[in-house]
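Let's read this structure together, one feature at a time.

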Amino acid sequence: MNQGIETAVVDDTAADARRVVLFDFDGVIVRHQTLELFFRERLSGIGRWRVLLALPLLPFIPLLIGTVAGNRLLGRVFLRVVTFGRREATYRRQVAAYARTYARRPGVFLRDAVATLRRHVDAGDRVIIISGNDLTMVEAILDEVNLTGYELIASQTRGGLFGVHFTRHNVDGVKVTTLERAGVQRPWAVAYSDSLSDLPMLRAAEAAKLVNPSPKAQRKAGRALGDKLEVLYWY
């Protein structure tokens, strides 16, 4: 796993005829939205003053948090808020340290997800974890538990004048275009996700697996995906 994983995927694709199996990360392999948990930690204690940077947005958070577009906006804003005035290298050290501590907590991995991923690897499938989370976070979590046999494509971030920002945020339809840019052509054999934001990815797969959805999300996904949708309850 490394920052150049997308290049590696491009180089290997032409000769790779294996079935492609896609896994979302947060809510599928691990139980939590880990970047959100990191934000909450950085905004607690002496870091609370940073919330003032997002003060104009605070009244709208209850309206934004329940929507795909709103969650995407909040992720972008709060990444800048928690990193304002900090160097990119400092941010990456903090994220990696948080991720490794998180991975050592009991019960944070969905054991059914890990077992399913390993079955796909053992069957010879090409397993790709495709995440909207920051690459540094996902790499550190997976490295801490020595999970192997997969490729990783995650969001890219970079430092700037007003904090760290996403240069490529793998959410919604961007996941599909990111995979295609990496030479991973649709249709994919199987895609696993817990989120309606991944409907574009699930539509482009031959088999769509929705993990632990709410009844409302299940109904919406059913209307969008029809008979190819399978709902899974993983623990």
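**Reading a pocket, a helix and a strand**

The lining of the largest pocket divides into 14 nonpolar, 16 polar and 12 charged residues. This is a predicted model, where local features need pLDDT of at least 70, side-chain atom pairs count only at pLDDT 80 or more, and totals for chains, interfaces and linings use all residues. Residues are numbered from 1 along each chain as its sequence is written, and side-chain values use heavy atoms, with hydrogens and water left out.

Q: How many residues line the largest pocket, and which are the closest to its centre?
A: A pocket is an open set of points on a 1 Å grid over the protein atoms alone, where a 1.4 Å probe fits, with protein on both sides within 12 Å along at least five of seven lines; lining residues have an atom within 4 Å of a point. Here about 1,300 Å³ of space lies in the largest pocket. Of its 42 lining residues, Q33, E36, I65, N71 and R72 are the closest to the centre.

Q: Which element gives the largest share of that lining?
A: Helices (H or I, at least four residues) and strands (E, at least two) are DSSP runs, numbered from the N terminus. Helix α4 gives the largest share, six residues. At least two residues each come from α2 (34–42), α4 (68–83), β2 (126–134) and α10.

Q: Which residues of α10 are buried?
A: Buried means under 20% relative accessible area, exposed over 50%, and partly exposed in between (1.4 Å probe, protein chains only). In α10, residues 215–225, the buried ones are A217, A221 and L225. They sit on the same side of α10 because they cover an arc of only 45 degrees around the axis, taken from the directions from the helix axis to the C-beta atoms. An α-helix has 3.6 residues a turn, so residues three or four places apart point the same way. The face turned away from the buried side carries exposed P215, K216, R219 and R223.

Q: What do the buried residues of α10 pack against?
A: Contact means heavy atoms within 4.5 Å. The partners are α9 (199–203), β6 (205–211) and β7 (229–232). Just after α10, G226 takes a positive phi of about 65 degrees.

Q: Is S193 buried or exposed?
A: S193, in strand β5 (residues 188–193), is buried, with a relative accessible area of 0%. Among the residues that S193 touches, not counting those up to four places away in sequence, are D24, V28 and M201.

Notes
Points joined across faces, edges and corners; volume = space filled by probe spheres on them. Nonpolar A, V, L, I, M, F, W, Y, C, P; charged D, E, K, R; others polar.
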